[in-house]
Amino acid sequence: TWESVPQAPPDVIFQLTAAYKADKYEKKVNLGVGAYRDNDGKPWVLPSVKKAQAILLNDDTVDHEYLSITGLPEFVASAAKLILGKDSAATSEGRVTSVQTISGTGANHLAAVFLARFYDWSRAGGEKKIYISNPTWANHKAIFNAAGIEPVDYPYYDAKTVGLDFEGFTGALKSAPNRSVFLLHACAHNPTGVDPTKEQWGAISDIFLAKGHMAFFDCAYQGFASGSLDADAFAVRHFVAQKNIPLLICQSFAKNAGLYGERVGALHVVSASKKQEAAVKSQLSVIQRAEISNPPAFGARVVSLILNDNALWEQWNKDVKFMAERIIDMRKQLHSLLTEKHKTPAPGGNWDHILKQIGMFSYLGLTPKQVKYIVDEGHIYMTGNSRISMAGLNTHNVAYVAEVIDKAART
Ligand code: LMR
């Protein structure tokens, strides 16, 4: 029956994890998938999460009934508050529809299906298109293609400066048809770690306003960029404060709560009025029912407890800061080894981009040949675009990684 099914290529990110696991080399390092590791290279269950889990496991009122189609109400309400801020006018005016999703991927997918069905494409150039940064998270293209929306690249990363191509980015915003949909990484851009400055976000939002563009925010790293949950919500809150920019936010708790496998996330759609909010919610419910019926409960309960209990909330803020600071420290160590110890030739003239880039990833700016050397000779797993997950570095392996990068850069 299935003779005509062609073999699909493996996933670019998860195949690295599989290859790393199968590798017997003693000094192997996994800098592929964006998942936090402690200084011994082990997954880390956040202390705040451990405490919340213990509370749930001892609570006899917690059962395994279905959640409602749109998820756990106290989770989605507090998740909205986390990204939009405590005093968000959009929330108090009842203009925010929040639905629990299968983490960030599910939020992106639900939003894509919703847009494909209900966005007024006739007033947005006539074709179902979403503009995505070049480069972007490897899964974005697949998600939009699957929903029948064509992903189109906009310039973002400048290989010459190993930084933001601001002119190219704003040029694309200006030349796209009015009311186009643009995907923005809320903070800690994946894969480059290159974010616009506050001033640049201001200029970008002005163009959104002038052109009537829709902002499709993907927010998978709140807290990871700066260590502060509020500071990392700047771009989203700034856009929401402009009032007339239509927008939605895909929110993941995989990274900042370390709940990767529990699939905890939410989609928040900010409407112009309360009336639209209700209609949007009804349609998201219809889509969600057909696809997953209702989202998983446990992880959402954990996050909801953390967001609604003072002591857990404070602990979580510390946990997020701890992860962000360990990553920042690894940036400093790798930078110093490459510049001071090895004096490694750098793309763009120096290695300062390792310090400037923020969040889980650093984009080294190496060529595919150099990356191949690092993977094949060093058994250091990373994506072909020279992205490394900083969280995979630790005080035991950073010297080895720097040594191999140095050799690769000289090949
Ligand atoms: C990554 O980019 O490595 C993570 O977001 C994991 C994933 O799902 O790809």
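Student: Where is the place of proline 191?
Tutor: This is a predicted model, and in it proline 191 sits in the loop between strand S7 (181-185) and helix H8 (198-211).

Student: What kind of peptide bond joins asparagine 190 and proline 191?
Tutor: A cis bond, with omega at about 20°. Asparagine 190 also belongs to the residues around the ligand.

Student: Which residues are around the ligand?
Tutor: Ile13, Val33, Gly34, Trp137, Asn139 and Asn190.

Student: How does that shell split by class?
Tutor: It has 3 nonpolar and 3 polar residues, and no charged ones.

Student: Back to the loop between S7 and H8. What about phi of alanine 188?
Tutor: Alanine 188 lies in that loop. Its phi is near 55°, which is positive although the residue is not a glycine.

Student: Is alanine 188 buried or exposed?
Tutor: Buried, because 27 other C-beta atoms lie within 10 Å of alanine 188 and the cut-off for buried is 20 or more.

Student: And lysine 343, what is its phi?
Tutor: About 50°, again positive in a residue that is not a glycine. Lysine 343 lies in the loop between H12 and helix H13 (352-356).

Student: Which residues does the cis bond with omega of about 5° join?
Tutor: Asparagine 134 and proline 135. Proline 135 is in the loop between strand S3 (129-134) and helix H6 (138-146).

Student: Switching to domains. What does the assignment give?
Tutor: Domain 1 covers 14-44 + 322-409, and domain 2 covers 73-308. Their centres, taken over C-alpha atoms, are separated by 28 Å.

Student: How many residues does the contact take from each domain?
Tutor: 21 residues from domain 1 and 23 residues from domain 2.

Student: Which elements give two or more residues to the domain 1 side?
Tutor: Helix H12 (310-341) and strand S11 (361-363). The residues of domain 1 that touch domain 2 divide into 10 nonpolar, 9 polar and 2 charged.

Student: How many residues has the largest nonpolar core?
Tutor: 121 residues. Ala111, Phe216, Phe217 and Val236 have the most contacts inside it. H12 supplies the largest share of this core, 10 residues.

Student: Where does this core lie, and why?
Tutor: Between domain 1 and domain 2, because both give residues to it.

Student: What does valine 236 touch?
Tutor: Leaving out residues up to four places away in sequence, valine 236 touches Ile83, Ala186, Phe217, Cys219 and Ile249. Two residues in that list, phenylalanine 217 and isoleucine 249, also stand opposite each other, the latter in S9.

Student: Which strand is joined to S9, and in which sense?
Tutor: Strand S8 (residues 214-219), by 5 bridges, running parallel.

Student: Why is S9 called largely enclosed?
Tutor: Because 6 of the 6 residues of strand S9 (residues 247-252) are buried. Both faces are covered, with Leu247, Ile249 and Gln251 on one side and Leu248, Cys250 and Ser252 on the other.

Student: What do the buried residues of H11 pack against?
Tutor: Helix H2 (47-57), helix H3 (73-84), S2, S10 and H12. Helix H11 (residues 298-308) is largely enclosed by the rest of the structure, because 9 of its 11 residues are buried. Among them are Arg301 and Ser304.

Student: Which helix holds methionine 330?
Tutor: Helix H12. Methionine 330 is buried, with 23 other C-beta atoms within 10 Å. Not counting residues up to four places away in sequence, methionine 330 touches Met390, Leu393 and Val398.

Student: Last one, aspartate 23. Where is its place?
Tutor: In the loop between helix H1 (14-22) and strand S1 (29-30). Aspartate 23 is partly exposed, with 14 other C-beta atoms within 10 Å.

Student: What does aspartate 23 touch?
Tutor: Lys28 and His379, residues up to four places away in sequence not being counted. Aspartate 23 and histidine 379 are 356 residues apart in sequence, yet 7.8 Å apart in space, C-alpha to C-alpha.

Technical notes. Residues are numbered from 1 along each chain as its sequence is written. This is a predicted model: local features need pLDDT of at least 70, side-chain atom pairs count only at pLDDT 80 or more; totals for chains, interfaces and linings use all residues. A residue is near a molecule or strand if its C-beta atom, placed from the backbone, lies within 6 Å of it. Ala, Val, Leu, Ile, Met, Phe, Trp, Tyr, Cys and Pro count as nonpolar, Asp, Glu, Lys and Arg as charged, and the others, Gly among them, as polar. Domain bounds come from an automatic or database domain assignment. Two residues are in contact if their C-beta atoms, placed from the backbone, lie within 7 Å. Helices (H or I, at least four residues) and strands (E, at least two) are DSSP runs, numbered from the N terminus. A nonpolar core is a set of buried Ala, Val, Leu, Ile, Met, Phe, Trp, Tyr and Cys residues joined through C-beta atoms within 7 Å. A residue is buried if 20 or more other C-beta atoms lie within 10 Å of its own, exposed if 12 or fewer, and partly exposed in between; C-beta atoms are placed from the backbone. Two strands pair if DSSP finds at least two bridges between them.
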